[in-house]
Structure formats: structure tokens, C-alpha cells
Amino acid sequence: MRAMWVACVLLGLSSTIAAAEKLPGSLTVHGQGNIRTAWLSQPTKRYRHGVFGKAVEAGGLTVITHDGVELTLTLPDTAVFEDREPRLVDLNGDGRDEIILVKSTLDKGAALVIAGVQNGQLNILAEGAPFGYAHRWLNPVGTGDFDGDGQIELAYVETPHIGGTLRILRWAGDKLVEVYAQPGFSNHKYGTRELGLSGVLDTNQDGIKDLIVPDAARRTLRMVTFANGVFKDLRTIALPVPLQKLYTQPNALILTLSNGETKNVRFQ
């Protein structure tokens, strides 16, 4: 009887460890709110897209809450998280962090999703519309009030490798609803793990967050706004070679180029 009990305990422990196994090459993030730690878990090859180089994606998301409880969201076999990092953001102002991720299904491709902890469970709270067929991906840009209406929006570039479109969504119930779209952008190089080629910053000090995203060739950095619901290019910076990494600072950008050169851009 004791041997059977030990075997059951070990089996349960093994299942827990497997559920929490971190996706190789992904980032563990830490927060100060209701979610203290989050990581992509349950590595799987069931989607086999390889947008980051290796065709391994995450079958789950694991978090540790502020009171030390570990929770895991396991996707069905028809879906993966095609991402490298959970993004902790309080999107609705309730003092609790949500998690922004890219979820891809085997037949309809990528969609932006919001996950969160509710009633002691880690669940998907809202989803955007998927692309429509497999192996089409998106890369998040960031969040902010991009049009000045007082509501938080979410921005991403859809299909950044094949004619990318900048899309702006708003959280409404269990859906993410598109409010703006503009073609001609890219914020990822296919086969690489680097996601940080775009960002959010108030570049013209009008109190409205602007979006900083490379053009489709990643050779021109575009600073754009949707202030008052109208799209506008605020500034462009021509680059000698494609952008490799972008860092935002208060009133400044640091750009790393594919030739190793670094550029600093300041805003008055």
C-alpha cells in the first residue's frame, strides 16, 4: 500500500513538473501585483511553424500569484502560444495584471489574447479574431491610449514578414475588437527570437502615446499617431541597414542596427 501511495505521489509530482516546464528560449517575467511570476510552459511541436527559428511552441502558460499559488492554463491540442514572453499589464484599471500573448491555432493562425486570474483560475479572458489560416503570425507592439479617448488599446503588427499591417484593438467583453488598421510595417525578422523592434512613447509630448514601428523593410523607423482617431506619420528616421532592436527611454530611443551600430534618438 505504501509503495502504491509513493508511486501516486511521484506520478502527480511528475505531471506538475511537466505542466510547468518552461518553453526553451522564452522569457520569465516578474510583476509586483497579483501575478508575481509568469512563463510559457509545456513545450510542444504540434504547430511546427518555426517563426523563432525552432518549431517548438508553448502548450501552456504558468504563473505564480502574489500569495504563492502556482496556476497553469493548458491549451487544447489544436492551439499553442506562439510567443516568447508573457506581457503583464493592468488593462482595465482594476489594480490586477492581465497577460497579453499570441495564441495560434493549427488551422486559423495567430490571434492576440488576454489571459488573467479570475476566481482562482488562470483563463483566457478575451481574444482577437485569428488571421484565418495556419502559419500566419503577429507581433505585439504595446498598449496605451493611442487616440486620446481615455481607453487603453492594444497594438500589434500582423504578418510582419509578408506585408505587415499595424492593427489597434480594444478590449470589449470576451473579445478584442479592431478599431484602427494601417499597412506598411514590420517589427520582426523571420527565424529570430528578438521581438523588441517596436515600442510606445509620447514622441511629440501631446499627452497621447505614439507608436514607433519600422516600415516593411525595417530600413525606416516610423513614429505614428492615431490621435483623435486620425492616423498620421509624425516623424521618420532612415536607417542604413535594418533595425535589430529598439529600446524606449523617457524622451529617447536607443536603436541597435543589424551591423552592430547603435543610434540614440532624443525628443525635446
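**The pocket lining and a neighbouring ring pair**

Reply: Happy to! The lining of the largest pocket has 11 nonpolar, 5 polar and 5 charged residues (nonpolar: Ala, Val, Leu, Ile, Met, Phe, Trp, Tyr, Cys and Pro; charged: Asp, Glu, Lys and Arg; polar: the others, Gly among them). The model is predicted, so local features need pLDDT of at least 70 and side-chain atom pairs 80 or more, while totals for chains, interfaces and linings use all residues. Numbering starts from 1 along each chain, and side-chain values use heavy atoms, without hydrogens or water.

The largest pocket has a volume of about 350 Å³ (an open set of 1 Å grid points where a 1.4 Å probe fits, with protein on both sides within 12 Å along at least five of seven lines; lining residues have an atom within 4 Å of a point). Glu85, Arg87, Pro140, Val141 and Gly142 are the closest to its centre among the 21 lining residues. Strand 6 (87–89), strand 10 (138–144) and strand 11 (153–158) each give two or more residues (strands are DSSP runs of E, at least two residues). Strand 10 gives the most, with 5 residues. Domain 1 (22–134) and domain 2 (137–267) each supply at least three lining residues.

Turning to aromatic rings, the whole structure has 4 aromatic pairs (centres within 6.5 Å; edge-to-face means planes over 60 degrees apart). Phe52 and Trp137 pair edge-to-face, 5.5 Å centre to centre with 90 degrees between the planes. Trp137 lies in the loop between strand 9 (121–127) and strand 10, and Phe52 in the loop between strand 2 (35–44) and strand 3 (57–65), so the pair ties together parts 85 residues apart in sequence.

Terms used
Points joined across faces, edges and corners; volume = space filled by probe spheres on them. Helix = DSSP H or I, 4+ residues; strand = E, 2+ residues; numbered from the N terminus. Domains from an automatic or database assignment. Phe/Tyr/Trp six-rings, centres within 6.5 Å; stacked < 30°, edge-to-face > 60°.
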